Amino acid sequence: MTDATGDGSKSGPMLAADGTPLKKSLARALRMQKMRALMLIAPLLLFVLITFIAPIADMLFRSVENQIVSDTLPKTTATLGDWDGEGLPSDAAFEAAYFDIFLAAERKEHTRLGTRLNYEQTGASSLFRKSGRGLDDIGEVYQDQFEDLNGDWDEALPWAELMGDPDWLSEQQGWDEEGRQPGFELRDGIADLLPTASREYAIFAEFQQREENNNLLDEEPWSAVHTALYQDLAAGDMSGYSGPRAEMLQAADALVDSPEFETVSFRDGFEEIDEDWLQPDIWRTIKLYSPDYTSGYFLNSIDMQLTPDGAEARPDNERIYMLLFQRTLFMSLVITFSCILLGYPVAYILSNLPMRSANLLMILVLLPFWTSLLVRTSAWKVMLQQQGVINDVLVWLGLVADDARLTMINNQFGTIVAMTHILLPFMILPMYSVMSTIPTSYVRASKSLGATNWTTFWRVYFPQSVPGIGAGSILVFILSIGYYITPEIVGGTTGTFISNRIAYHISSSLNWGLAAALGTILLAVVLILYWAYDKIVGIDNVKLG
Amino acid sequence: MPDTGTSDAFVAFERVQKSYDGETLVVKDLNLTMPKGEFLTMLGPSGSGKTTCLMMLAGFETATYGEIKLDGVSINNIPPHKRGIGMVFQNYALFPHMTIAENLSFPLEVRKIGKSDREAKVKRALDMVEMGAFGGRRPAQLSGGQQQRVALARALVFEPELVLMDEPLGALDKQLREKMQFEITDLAHKLGITVVYVTHDQTEALTMSDRVAVFNDGRIQQLAPPDELYEAPQNSFVAQFIGENNTLEGVITEIKGDTCTVKLDGGEMIDAQPVNVTEVGERTRVSIRPERVEVNKDRLQEGAHTLKAKVLEFIYMGDIFRTRLSVAGNDEFVIKTRNAPDQVRLKPGEEIEIGWLPQDCRALDAL
Amino acid sequence: MKLTKTLLASTALTVAAGAVAAQEMADSMTLVSWGGAYQSSQDEAYAKPYLEEHPDVSISWDESSNEAVAKLRAMNEAGNITWDLVDVVAADAMRLCDEGLAMEYDPDDLLAPAPDGTSAEDDFGDMIVSDCFIPQIVYSTTVGYRTDLVGDTPPTEICALFDLETYPGKRSLEKRPINNMEWALYCDGVAKDEIYDVLETPEGQDQALAKLDTIKDQVVWWSAGADTPQLLADGEVVMGSTYNGRLFSVIEEQDQPVGMLWDMQVFDLDGWIIPTGLSDEALARVKDFVYFATDTQRLADQAKYISYGPARQSSAPLVGDHEELGIAMAPHMPTDPENASNTLLYNYEFWADYRDDIDAKFQAWLAQ
């Protein structure tokens, strides 16, 4: 009858039988138990980690991840670093973009980048697709002239001799096409003599050897290398060079210095491909999205956009996500509330019936679970549409004129009705399992104490069924907040949810970053609501049975 | 104490029957009256109909036939919350979402009693069960015994004249149960309330009640004060159900006034007191309480008759010795002897003679 | 007799091609398509004949074309491609190609020449809208209407969609800007060849949405191809846009009181793509199948089951009668000259650029 479990007095640390401090001994014993428990849950833990936590982490990551721009255009983004965003960037930026996009096109990555940038800048998609094809025109000017001078410029081996380390070259020549290709190494000094060309050749070599697995000695360099060579020759003097292929290189140098050598500036080359390259917009977009991580997706998700001047609200006629978030929350609440209203009496009856009839009724409650979601939703269409069953009955009864049939589908009403029906079991089941644990003796006790039926229900029964309502509401609310099939089918334009846009961005527009940002916000909203629920009602007040 | 008329009866069952399925009766023709202030216990095995009777009285079950009267008025059609009967439930049924004080305040609130009045009554009721310090706690924070006290206080706080208790001590350990038995009877007598108490524990029934109604098979088998019930059971069921009992089966060979002769199945002839046997040749069960059997020849009183017995088992139980014997073909014949300095301790296998007085030996129905 | 010979010849050719390649081929294939009548037409026209020639091969179908782009991207990220050949619309093929998820191919290398020797590239012509796209059929999005709900003057041209006075009642349109924006501008007086120039500008987009605004509260928006035929059959809408094959089915096969327009039908293409990252054996089998399934006869055969036009010029004359109804299919082809007097071709380039932008505006407009 007392709760005195020992006074606070102490007399030194307690020792276990073997002399170790009792606390330590206890901790060891408990650790063993914990380890064993951990081993038991390990499979589930792994499963949850892999199938649940990892995708969520991936989603969070995707919503800010933006490495594609700097990965695909490393030189360009570096060059644009000191551009002020006014007018056009320097020629160096065009040059960097030429080499970047050229390589990206060889890797077939430029169109992906175009798709990515098209989310931010309309037209980027076709701009990059065209540029992938068009950039060859610039390089071919130089390639053709060098070839005309000496056919060796269009051969693989002379280039390898010019650029490659002799040791590497002999190894490469001895390579039997089996096993790993000897990695290309630049010859000593060539990087000083031909900085751009050697850089581009090294990139070319890496690509051929590692990505395509072609024998480097069979592949003549692509035209970007010729362009780079031209730049080095125009800038430097080859007369002092005496290494391999010196004669060939010096002849090319002479050609480049001669007045009849045809050149084309990168800027003109880009203009040739598409005049949009001479608009600052695309450059600004590239610069804006050059960091590895971006807040752009999140800003998009709340109807804002990233601009060079910071975050800005989108124009009115493009705002949609905040509206959809609000609508999703509002309708989920309405659906949850309708489920409580409809489900409570059913759960009450179920929990008060004898086992046999309760089981039969339970089957009726669960029946919708065993029908495909699409079938159920389509059935509501048949019921609610203007030429549907309910309207027909109303017209037949004379309650509604034939030419003023009610619109009950393809709007919010239709979504609420169909989703309430679909989610009702999720409300009834937890309510039922909580109600069936409330002993009848409470009700009897209340009545014996003089309470009327209503007082008994309201003061004694209802408070004890609240945990069931809580559990059901959380289930229904969270399920409905993420629903998209039903709203898509019966929601029309006013009954669709944010999840419909997420699904659209996942499967149609492929803007997974935006979808991830929207999903992350939705997750955050759910967590905040959960937290608020815990504060207001208390999460201990939720039980599933 | 036979039931005489219903004029001064506070509680009355008149020819009450109850059936749940329309095929079998769980309560068969129940007639019972109780005066005000009585502590009556309904005792019986589970399924005997005792709880159903209690629930009909509380109003949670309706009588299929017959009338239940409270203070002379039929309450058959009065809903439970208007009957004004206090009730203590087996699992206490304290509302888990309310504090102790709120639990007690609840019956007063629904009776629209003013706040200050309410608080005074709640305090008084809690003090009465020595739980005054626990008003702010929740039921789950209390021990079983504490909950029991609170449940009792709640049933009494609105000052009902009749309180029903449905096996209220079933969930408590033995020591606590004995303490509470005393407290409940004490409180009931102090307050002068009428109590109907349901239990299947015969000790509880015997120690607490003014009268005990032994239920079996939907009928009251015997309604009597505890001593009468123990010493003068009216039939084999009561004899068997109340206390420990030895039975010897046989046939009546002769009835002479208040004695009869029984020929046991083993051939021995014994005298007994005829209780509910009427004819010669009728089968009977002879009932002898274990403590009325004497093993010491010297102490046998005059008129006692003796039988041969063989010791099967000897159990030392501290204050008493419990010895199992084989008597007249019955291997479950038990005797209890007091642990006195001169008492013999029998050994298994020993052949002895036992004896008892014919008036301690009751010839009952053969069931 | 002739057919058998052609068959034999093509078989010989295939066998020969196989022999030259001397490549191990996988003996099972997973084809991805749209399910329903369209997939069964492919099964009848391509897969079954192929299996007759290669009894040891097994083909399984996956009805995932709807979300093929997203799924292929996910498969590619996971590094586990389980599909061998995927049926997609041309716009999706372009995006898959852009993303590097579909394989580029050489038409003359992969596809059979026409019976008269015309190269595959010439036979398909403009239909090869992307380096990865292997065209199969031409279909169109057009408008069907309830013959019993339009009075005595059934509509003959597309702008009936916007004419609420003559044709009151609900109409169903697809819940996306593509096609709707074009029709809106066209019916707002923009010349056909200027539609995309106008639609490029924000003002043009506003103009199209303003036109759509005039019928907005009478529109039921659909997202599944089966919706409009169902809405028409139920009498829920007076008219609505859908694919011409669906309308053929409602009109001819189900005999509903429905008529259809060919005016301003928007041509679109559907075809195969081969995912990147297939194993050599799987790729060899897929190439063998594609060579067979896209030859002149096979494409013409598909029209027996569904009213979509073969993408090869050489197939058009071979289009015969409907397999069950026995009616001539040629007049039901969207490409039939009778039907193709006023048409629009889905502008892939334009929508690849403007899809995200205009869709955002369109959805915002819808939600208002």
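By contact I mean two residues whose C-beta atoms, placed from the backbone, lie within 7 Å.

A word on the source: this is a predicted model, where local features need pLDDT of at least 70 and side-chain atom pairs count only at pLDDT 80 or more, while totals for chains, interfaces and linings use all residues. Residues are numbered from 1 along each chain as its sequence is written, and chains are lettered from A and ligands numbered from 1 in the order in which they are written.

Two pairs of chains are in contact, and chains A and C share the most contacts.

Now to A and B. Here 16 residues of chain A meet 21 residues of chain B. On the chain A side, α21 (440–448) and α22 (453–481) each give two or more residues, and α21(A) gives the most, with six. Helices here are DSSP runs of H or I with at least four residues, strands are runs of E with at least two, and both are numbered from the N terminus. By class, that side has eight nonpolar, six polar and two charged residues; nonpolar covers Ala, Val, Leu, Ile, Met, Phe, Trp, Tyr, Cys and Pro, charged covers Asp, Glu, Lys and Arg, and the others, Gly among them, are polar.

Finally, a sheet in chain B. Its four strands run in the order β17-β16-β15-β18, open and antiparallel; strands pair if DSSP finds at least two bridges between them. β15 (residues 305–316) and β18(B) pair over six bridges, and L307(B) stands opposite I354(B) in β18(B).
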